[in-house]
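Let's take a walk through a protein together. Have a look at the fold first, and then we'll go through it piece by piece.

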Amino acid sequence: MVVNETINQTIVNATATIVPAADPHLIGLPAFVVILLISVFVSILSNLAYKYATDQALIKQVREDIKKHQESLKAQTDPQKKLEIQSQVTSLSMKLMPQTFKPMLVTIIPFLIIFTFLNKLYANVPIIPLSFDLFGKPWLGWFGIYLIFSLVFMQVFKKLLKVAQ
């Protein structure tokens, strides 16, 4: 518990020197637009990192192999064969893990800075009012809006940039 608090405080201290406390109206654009633009930027950056830091051919091949094994798993009735197929699926999945870590290592520091900036800028700013309480607040904040936008834009840019899924 103490280690997590120390790590969190270190991140906050490090980003505080890079990202000063900001006024939500300092940028001159509505919060909704700022979050939209940042989510587009982060989605493009993330997809480019994923595309160029991974072996796209390997990812496609492993995903196809996993799909074939899962289909044969559904058709299999022998429990021993099912275990064997499941073991193959697990080993194939393990091939994907190093591939997904590479882009994460490239993007984690810039994303932490961006999210710290957004949190400092819009921590208690209602972006979209709601007719119900969401986590104790009757509005959707920057993170909820960012999450919605990023889910949409990540898929759009994956298709446009032809990133292996």
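Before anything else, one word to learn: two residues are in contact when they have heavy atoms within 4.5 Å of each other. You're looking at a predicted model, where local features need pLDDT of at least 70 and side-chain atom pairs count only at pLDDT 80 or more, while totals for chains, interfaces and linings use all residues. Residues are numbered from 1 along each chain as its sequence is written, and side-chain values use heavy atoms, with hydrogens and water left out.

Start with the overall layout. The chain has five helices and two strands, and along the sequence they come in the order α-α-α-α-β-β-α. Here helices (H or I, at least four residues) and strands (E, at least two) are DSSP runs, numbered from the N terminus. Of the 165 residues in the chain, 28% are buried; that means under 20% relative accessible area, while exposed means over 50% and partly exposed is in between (1.4 Å probe, protein chains only).

Now find helix 5. With 19 residues (142–160) at 1.5 Å a residue, helix 5 should span 27 Å, and its end C-alpha atoms are 26 Å apart, which agrees. (The expected span is 1.5 Å times one less than the number of residues.) Its buried residues are Trp142, Gly144, Ile145, Tyr146, Phe149, Ser150, Phe153 and Phe157. What do they pack against? The buried residues of helix 5 pack against helix 2 (31–53), helix 4, strand 1 (128–134) and strand 2 (137–140).

To see the helix 2 side, zoom in on serine 39, which sits in helix 2. Serine 39 is buried, with a relative accessible area of 0%. Leaving aside neighbours within four places in sequence, serine 39 is in contact with Tyr146, Phe149, Ser150 and Phe153. Remember the spacing rule: an α-helix has 3.6 residues a turn, so residues three or four places apart point the same way.

Next, the strands. Strand 1 and strand 2 pair in the antiparallel sense over three bridges; to count as a pair, two strands need at least two bridges found by DSSP. Proline 129 stands opposite tryptophan 139 in strand 2. The hairpin has two residues between the strands, and in it phenylalanine 135 takes a positive phi near 55°.

Finally, visit methionine 94 in helix 4 (residues 79–122). Methionine 94 is partly exposed, with a relative accessible area of 47%.
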